[in-house]
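First stop: how much of it is tucked away?

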Amino acid sequence: MQLIKFTKKGIYCPQGKFYLDPWFPVDYAIISHGHADHARWGMKHYLCQNDSKAILKHRIGSDIKIESLGYDEPLLINGVKVSFHPAGHVIGSAQIRLEYKGYVVVFSGDYKTQPDFISTPFEPIKCNTFITESTFGLPIYNWKSEKELQNELHQWVETNKANNRTSVFLGYSLGKAQRLMSLLEGLDEIYVHTAIHNLNEAISNSGIRLPKTTLITNDFDKKALQNKIVIMPPGLLGSKLLKRVPNAATAICSGWMQIRGNRRWQSVDAGFAVSDHADWNGLLSAIKATEAEQVYVTHGSQAIFSKYLNEIGIKAHELKTDFGEEAMAKAEQESEKTIEA
């Protein structure tokens with residue numbers, strides 16, 4: 001059964017007459033999560049998971065026409081049963097399950113199988129067809145446990161304090177920032193950039209508890225920040241604002257930091273493999289758990305990863321798109337509207 005079609009505007013369900021994370025304006029868009037490469041401006045109607053609603057309104061516009069559902073809460077759209085299921089990627093992220101006449105398609109969006117301290121943990125969903133990302137679809141990518149990662153971050157902060165340095169973490173305002181906040185909570189006062197602060201307010205206003213943070217204002221007191229913790233979007237690397245932070249020790253937080261060479265390339269003091277995506281083993285375990293008859297692989301290492309899936313007996317197809325990790329990074333930086341002091 002052809003329940004989905006891959007079009008220039010994105011993944012389309014002809015029976016339901018809606019798109020999944022469309023790339024261009026359409027009448028009805030079902031959104032997996034709030035990152036700018038998945039949730040775009042210009043749709044006539046949006047549908048998302050409850051925890052993403054405030055995020056989408058904050059990032060796209062308060063006047064958008066939007067409705068939301070809880071996890072595992074079905075909605076019938078033109079005869080197609082639609083439901084959201086935890087993706088473990090960021091707050092409000094969801095896999096989108098479609099069912100029509102007994103045939104099931106699951107679009108994963110972006111997902112992470114490793115539990116963290118802040119997002120709803122990933123849940124595998126059995127289906128006939130599974131659409132998976134492969135951002136880190138290479139064997140070299142294997143993430144540490146959340147506790148191991150927390151210990152590593154804490155040790156770095158304590159070392160910086162001993163050397164009279166301020167710990168500055170660079171991570172996207174949606175997902176990475178909130179995860180860093182949860183990993184660092186209780187260690188010391190946490191200061192955040194305006195883009196992160198405003199998003200935190202939108203998330204908190206929807207009823208989600210976040211760790212306490214302090215906004216960095218344009219006229220911030222340098223002495224107040226000394227030896228503290230600062231979280232900024234990566235677009236501020238090299239900015240006037242960052243240069244004003246006293247004795248700053250900078251750290252890029254990204255899955256790409258698994259490869260040590262990336263740390264030197266970014267010209268920062270440290271790099272931590274903090275990723276909101278599944279690693280190699282996470283991708284494989286998630287796909288196997290779906291028991292899908294066919295798998296479509298997109299974003300990242302889709303050629304290598306789909307080839308490997310076929311070699312181990314899982315029917316897989318490479319799905320090429322114009323939007324990958326580089327497009328995501330550009331879209332996120334634009335959405336953060338960074339302000340330099």
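I began with burial: 57% of the 341 residues of the protein chain count as buried. I have to keep in mind that this is a predicted model.

Next I looked up the secondary structure, and I got 10 helices and 19 strands for the protein chain. Then I checked the radius of gyration: it is 20 Å, close to the 20 Å from the globule rule for 341 residues, so the chain is as compact as a globular protein of that length. I also boxed in the C-alpha atoms along the principal axes, and they fill roughly 65 × 45 × 30 Å.

On to contacts. I took those between residues at least 6 apart in sequence, and 59% of them join residues at least 24 apart.

For the surface, I noted that the protein chain exposes about 14500 Å². Carbon and sulfur atoms supply 48% of that area. I looked at charges too: there are 38 positive and 37 negative ones, and their mean positions are 3 Å apart.

Which residues have the most contacts inside the largest nonpolar core? I found Leu153, Phe169, Leu184, Ile203, Ile231 and Phe272, in a core of 29 residues. Several elements each supply at least two residues, among them helix H2 (146–162), helix H4 (194–205) and strand S16 (248–253). Helix H3 gives the most, with 5 residues.

I zoomed in on Phe272. Leaving out residues up to four places away in sequence, its contacts include Leu153, Trp156, Phe169 and Met257.

Last entry: I spotted a second, separate core of 23 residues, which includes Ile4, Ile11, Leu20 and Tyr100.

Methods: Residues are numbered from 1 along each chain as its sequence is written. This is a predicted model: local features need pLDDT of at least 70, side-chain atom pairs count only at pLDDT 80 or more; totals for chains, interfaces and linings use all residues. Side-chain values use heavy atoms; hydrogens and water are left out. Helices (H or I, at least four residues) and strands (E, at least two) are DSSP runs, numbered from the N terminus. The radius of gyration is taken over C-alpha atoms; the globule rule is 2.2 Å times the number of residues to the power 0.38. Buried means under 20% relative accessible area, exposed over 50%, partly exposed in between (1.4 Å probe, protein chains only). Contact means heavy atoms within 4.5 Å. Accessible areas come from the Shrake-Rupley method with a 1.4 Å probe; for residues, only the protein chains shown count as cover. Lys and Arg count as positive and Asp and Glu as negative; His and the chain ends are not counted. The place of a charge is taken as NZ of Lys, CZ of Arg, CG of Asp or CD of Glu. A nonpolar core is a set of buried Ala, Val, Leu, Ile, Met, Phe, Trp, Tyr and Cys residues joined through side-chain atoms within 4.5 Å.
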